[in-house]
Amino acid sequence: ATRPLSSLSKAGPRVGTHYESNSRITQIMSIKGKAYIAGIYEHPTRKALDKSVAQLHAESAAGALADAGLGLDDVDAYYCAGDAPGLGPLSMIDYMGLKNVRHMDSTETGGSSYVVHIGHAAQAIAMGKANVCLITLAGRPRAEGMATGTAPRNLGSDLPDVPFEFMYGPTVVNMYAMAACRHMHEYGTTSEQLAWIKVAASHHAQYNEHAMLRDVVSVEDVVGSPMIADPLHRLDCCVISDGGGAFLVVSPEVAKSLDRDCAKILGHGESPKNIMNGQVDLTYTGGRYSGPQAFEEAGVKPGDIDYASIYDSFTITVLETIEDLGFCEKGKGGAFVSEGNLISGQGKLPFNTDGGGLCNNHPMNRGGLTKVLEAVRQIRGEAHPAVQVADCQLALAHGTGGSLGTRSGSSTVILGREDA
């Protein structure tokens, strides 16, 4: 016999979410310390005129494996998202010549997919399903001349939201602009405060030889740049770039066998945020839910974090996310960032020290994977010396997928040093 859906709410609280904290069960179910991030690689290409998407995936995979000191035959699990061509994992496993894969995951949550994959890979390792999980991202939107962010997104009439929303002409940028307008209305946030996020990213990007935008900008530069969708200016928006990246999630046994530093996975969370038929608060993200999950599992608090990689498709994305993750009170993000708190060596919360999506790289319009890469560099002490956080013990990486103005998905991971 089966229970009706209406009875599920009476069956008890959900384990491992913000609804309930049962220490004994949470400890048993936790992935804390049960997996590590080993090899990482960020493809240096920013305009891939002579490479296919599959080639970018494969070159990124090869780079991550070389960084870890592993080979293709060591990979027994492969993870990708909607950016992978063809049949996703089936096509890429065949293309890359992976012979020993026994676990696959093609979870698609937009730009947060690759942070979601970390949790799923750690779960697979903890269950004995895999030992070396390869996660890749790649794309060519710049080479293909995509009108990223400003073109209406009619992704197919069979999608459930299209008949109700497409008639209004939603684009990526105007959906984020709508969220920014609401945040300004509710909390008095200003364009100048949002501009400080770009300023901080540019201070870091100047040291990254691969960053698309390396010039340090001022608040005046940002608010003086062309308006794209009120109140977001051109410099409030991320770059459009080709390229990709990859990283490996491995078991503790594999991590101990490698001749290189690894980052321990301490906590992970993921959560959607739905539009609720229009009854939705545009001033928060899914990080309101994924963040507490990750902090609880890691056993740390926002104030313990030494470095944060925050998804930065737009400046408003960062502002809302740092509030939702508990780095400052809701509505106080504008004041927090305008005090220079995001600048490494100066502020309380150094962020995106590679320049992030706002200045460095946003491959295939998806920034979650590159956020993980820089967090691992910080934990290893391998970020550029000018932006390396001194004695970085704890790092957070956060991904956002979808749109703040409609449906979105968030995922948060907390990383520590190998001996954490």
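This is a predicted model: local features need pLDDT of at least 70, side-chain atom pairs count only at pLDDT 80 or more; totals for chains, interfaces and linings use all residues.

Me: How are α6 and α11 oriented, roughly parallel or oblique?
Reply: Helix α6 covers residues 172-187 and helix α11 covers residues 315-324, and their axes are 9 Å apart. The angle between them is about 55 degrees. Angles of 65 to 115 degrees would count as roughly perpendicular and those under 35 as roughly parallel, so this pair falls in the remaining class. That makes α6, relative to α11, oblique.

Me: Which residues of α11 make the contact with α6, and how many charged residues does the contact have?
Reply: On the α6 side you'll find Tyr-176, Ala-179, Ala-180 and His-183. They meet Ile-316, Thr-317, Leu-319, Glu-320 and Glu-323 of α11. Sorted by class, the contact has five nonpolar and two polar residues, and the number of charged ones is two.

Me: Which side chain is joined to Thr-189 by a polar contact?
Reply: Thr-189 sits in the loop between α6 and α7, and it is buried, with a relative accessible area of 7%. Not counting residues up to four places away in sequence, it touches His-183, Met-184 and Leu-319. The polar contact, at 2.7 Å, is with the side chain of His-183.

Me: Why does Arg-377 count as buried?
Reply: Arg-377 belongs to helix α14, residues 368-380. Leaving out residues up to four places away in sequence, it touches Ile-40, Glu-42, Asp-354, Glu-382, Ala-383 and Gln-388. The cut-off for buried is under 20% relative accessible area. Arg-377 counts as buried because its relative accessible area is 17%.

Me: And which side chain makes a polar contact with the side chain of Arg-377?
Reply: We've already placed Arg-377 in α14. Its side chain has a polar contact of 2.6 Å, and the partner is the side chain of Glu-374.

Me: Is Ala-395 buried or exposed?
Reply: Ala-395 lies in strand β10, which covers residues 394-402. Setting aside neighbours within four places in sequence, it is in contact with Tyr-307, Ala-375, Ile-379, Val-413, Ile-414 and Leu-415. With a relative accessible area of 0%, Ala-395 is buried.

Me: What separates the C-alpha atoms of Ala-395 and Thr-109?
Reply: Along the chain, these two are 286 residues apart.

Me: Last one: which residues does Gly-119 touch, not counting residues up to four places away in sequence?
Reply: Gly-119 is in helix α4, residues 113-126, and at 0% relative accessibility it counts as buried. Its C-alpha atom is 34 Å from that of Pro-163, which is 44 residues away along the chain. The residues Gly-119 touches are Ile-31 and His-268.

Notes. Residues are numbered from 1 along each chain as its sequence is written. Side-chain values use heavy atoms; hydrogens and water are left out. Axes are lines fitted to C-alpha atoms, for helices over the stretch in contact, and angles run from 0 to 180 degrees between N-to-C directions. Helices (H or I, at least four residues) and strands (E, at least two) are DSSP runs, numbered from the N terminus. Angles under 35 degrees count as roughly parallel, over 145 as roughly antiparallel, 65 to 115 as roughly perpendicular and the rest as oblique. Contact means heavy atoms within 4.5 Å. Ala, Val, Leu, Ile, Met, Phe, Trp, Tyr, Cys and Pro count as nonpolar, Asp, Glu, Lys and Arg as charged, and the others, Gly among them, as polar. Buried means under 20% relative accessible area, exposed over 50%, partly exposed in between (1.4 Å probe, protein chains only). A polar contact is a pair of N or O atoms within 3.5 Å; within protein, one must be able to donate a hydrogen and the other to accept it, and residues adjacent in sequence count only if both atoms are side-chain atoms.
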